[in-house]
Amino acid sequence: MLNIKVVSWSLGLFTAISFVLCVIYGLIVPPSLHMAPFLEMVLPAFKWLTFWGFCLGLIESFLYGAYAGLVFVPIYNFLARRWGVAAAHQ
């Protein structure tokens, strides 16, 4: 059984850190290799290299990760209970 709080926070932080790494990557490499078009496509209202765009992208990235945890954990726990996977690990 997975803990929904731990998994959701972990995925939220993972996606937020990944967003920061994508921005750092975009600052290091030439513009032709930027992740900016992808980030602007998947993060609504995100604007490349503005303070508010960065803050909004960071928040949206965290929320995407937390959402994944909030949806994934109940499904995993339901299926683990249904198929007896949790009992096998105890």
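Visitor: Why is phenylalanine 46 called buried?

Guide: Phenylalanine 46 has a relative accessible area of 3%. Buried means under 20% relative accessible area, exposed means over 50%, and partly exposed lies in between (1.4 Å probe, protein chains only). At 3%, phenylalanine 46 is therefore buried. A word on the source: this is a predicted model, where local features need pLDDT of at least 70 and side-chain atom pairs count only at pLDDT 80 or more, while totals for chains, interfaces and linings use all residues. Residues are numbered from 1 along each chain as its sequence is written, and side-chain values use heavy atoms, leaving out hydrogens and water.

Visitor: What is phenylalanine 46 in contact with, leaving aside its neighbours within four places in sequence?

Guide: Its contacts (heavy atoms within 4.5 Å) are Phe19, Leu39, Glu40, Gly53, Phe54, Leu56 and Gly57.

Visitor: How do you know that phenylalanine 19 counts as buried?

Guide: Phenylalanine 19 has 2% relative accessibility, so it counts as buried.

Visitor: Which residues make up the largest nonpolar core?

Guide: There are 7 of them: Phe19, Val23, Ala36, Leu39, Leu43, Phe46 and Trp48. A nonpolar core is a set of buried Ala, Val, Leu, Ile, Met, Phe, Trp, Tyr and Cys residues joined through side-chain atoms within 4.5 Å. Two elements, α1 (4-28) and α2 (36-42), each give two or more residues to this core. Helices are DSSP runs (H or I, at least four residues), as are strands (E, at least two), numbered from the N terminus.

Visitor: How many aromatic pairs does the structure hold?

Guide: It holds 6. Rings of Phe, Tyr and Trp (its six-membered ring) pair if their centres lie within 6.5 Å; planes under 30 degrees apart are stacked, over 60 edge-to-face, and the rest tilted.

Visitor: What makes the pair of phenylalanine 19 and phenylalanine 46 edge-to-face?

Guide: Their ring centres are 5.6 Å apart and their planes stand at 85°, so the pair is edge-to-face. Phenylalanine 19 lies in helix α1 and phenylalanine 46 in the loop between α2 and α3 (51-83), so the pair ties together parts 27 residues apart in sequence.

Visitor: Why is the pair of phenylalanine 46 and tryptophan 48 edge-to-face?

Guide: Here the centres are 6.5 Å apart and the planes at 65°, so this pair is edge-to-face. Ring pairs link Phe19, Phe46, Trp48 and Phe54 into a cluster.

Visitor: Why is serine 61 called buried?

Guide: Serine 61, in helix α3, has a relative accessible area of 7%, so it is buried. Beyond residues up to four places away in sequence, serine 61 touches Gly12, Thr15, Ala16, Phe19 and Leu43.
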